[in-house]
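Hi,

Here's the structure I said I'd pass on. Have a look at it first, and my notes on what turned up are just below.

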Amino acid sequence: MSPEEETEVKRRLLILMKDVNLVNEYIHRFGFTINPKHIREIKEGIRGVPEEPDEPVEDGEDPIFETLVNCPVCGLNKIVRYELRAKSQQEQRTVFLVPMYSGAKGYQTADYTRHMVTVCPQCLFASPDKKDFNYPSVTGKGEDKSQLTSNILSMLREKTDERKMLLSPLSKFDNYFKKPRKVSNVIDSYRLAIARAQAEAWSDQPYSYFKLGSYSLKIAHLKKSTKVDDTENLTDALQYFEEAFRKSNCPAEDLEMQSLYLIIALKIRLGDLNAANSYLTMYSKLINERHEEMKTKPSLNTVCIEKWADKSRYLWEERENPALFDIKAF
């Protein structure tokens, strides 16, 4: 399309939408093809994800409670953080290790995945990890500071406008992430968490690529639950986990083996079976290497490697099962 044609599309969109910010959001998401359905989605604030109907309220105590944290990026105080009461939920995991909750005795069922990301409504700094924020010390005196380095916090300050652009054309966020969150709001919370984790990845922080992959899988899970195509997010997750495994970005062996398992799961789900099988053979190589190490370090073992190898082999054996990625078995 020529520059003149693009200008004409922008002019027509501005007539229809009457807001240059909405026009920019439309073009960012849908390009220069005018579609009345897409115009309606933008004007109504729909972010491409249909909302699920409200679920009936169960009997029992609400397992989610509020605490307050402070933003280490912009300094805003008293940001609401949602936490889950201990032993209030029974947990299973999907094939992609996304937690699924059901209420334990005396508690309602609560999908904590939807509320675990805390978002600063002023600068949109976001994380599911309380330690990324400043928060009142357990001693009752002062506060514990964010675990993020000063370099990362500085980078996040510089990128505040970029985070706000992610949610454009919205500009007010005081109530946007309040409980209960709609699916679109939850997805936005993980998009913002990805923006934070990318700053960690640029600084080569441990676990950063694993976090990026995990957040992408949660977005994919939310999209799938509302019958929206999740392929793009699964592909993003695969790239992040491959980078985590390639760089040995997870010092903890269990998370490194989870990364390998998730690479295999995603390769199978996306139809790249040859690559999935190639990654599967790595477990044998890792076990053999560990046995060599054990000759001089008998305290080591292969338990963790074998656990995730068994889970990966199960996926491979069930790869032709059309319901494989709908089960809650992990």
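**Helix α8 and its neighbours**

The buried residues of α8 pack against α6, α7, α9 and α11. A few words on terms: buried means under 20% relative accessible area, exposed means over 50%, and partly exposed is in between (1.4 Å probe, protein chains only). Packing here is contact, with heavy atoms within 4.5 Å. Helices (H or I, at least four residues) and strands (E, at least two) are DSSP runs, numbered from the N terminus.

Before you read on, please note that this is a predicted model, where local features need pLDDT of at least 70 and side-chain atom pairs count only at pLDDT 80 or more, while totals for chains, interfaces and linings use all residues. Residues are numbered from 1 along each chain as its sequence is written, and side-chain values use heavy atoms, with hydrogens and water left out.

Back to α8. Its buried residues are N233, L234, A237, L238, Y240, F241, A244 and F245. After α8 comes S248, which has a positive phi, near 50 degrees.

**Helix α4**

In α4 (residues 150-158), the buried residues are I152, L153, M155 and L156. They sit on the same side of the helix, because they cover an arc of only 160 degrees around its axis (taken from the directions from the helix axis to the C-beta atoms). An α-helix has 3.6 residues a turn, so residues three or four places apart point the same way. The exposed residues S150, N151 and E158 are on the other side of α4. As for partners, the buried residues of α4 pack against α5 (160-166) and α6 (183-202).

**The cores**

A nonpolar core, as I use it, is a set of buried Ala, Val, Leu, Ile, Met, Phe, Trp, Tyr and Cys residues joined through side-chain atoms within 4.5 Å. The largest one has 35 residues, and the members that touch the most others are F96, L217, F241, Y261, I264, L266 and Y283.

**Cysteines**

How many disulfides does a search of the whole structure find? The count is 0, with a disulfide taken as a pair of cysteine sulfur atoms within 2.5 Å. For C120, the nearest cysteine sulfur is that of C74, 3.5 Å away. C120 counts as buried, at 0% relative accessibility. For C250, the nearest cysteine sulfur belongs to C304, 11 Å away. C250 is buried too, with a relative accessible area of 3%.

**Salt bridges**

Side chains of opposite charge can pair when their charged atoms come close. The search of the whole structure finds 26 salt bridges, each a side-chain nitrogen of Lys or Arg within 4 Å of a carboxyl oxygen of Asp or Glu. Here are some to click on:

- D62 and K179 meet at 2.9 Å, N to O. D62 is in the loop between α3 (36-43) and β1 (64-69) and K179 is in the loop between α5 and α6, so the pair ties together parts 117 residues apart in sequence. D62 is partly exposed at 28%, and K179 is partly exposed at 34%.
- D326 and K224 have their closest N and O atoms 2.8 Å apart. D326 lies in the segment after α12 and K224 in helix α7, so this pair ties together parts 102 residues apart in sequence. D326 is exposed, at 53%, whereas K224 is partly exposed, at 38%.
- D254 and K307 have their closest N and O atoms 3.2 Å apart. This pair links distant parts of the chain, with D254 in α9 and K307 in α12, 53 residues apart.
- D132, R196, E200 and K211 are linked in a network of salt bridges.

Cheers
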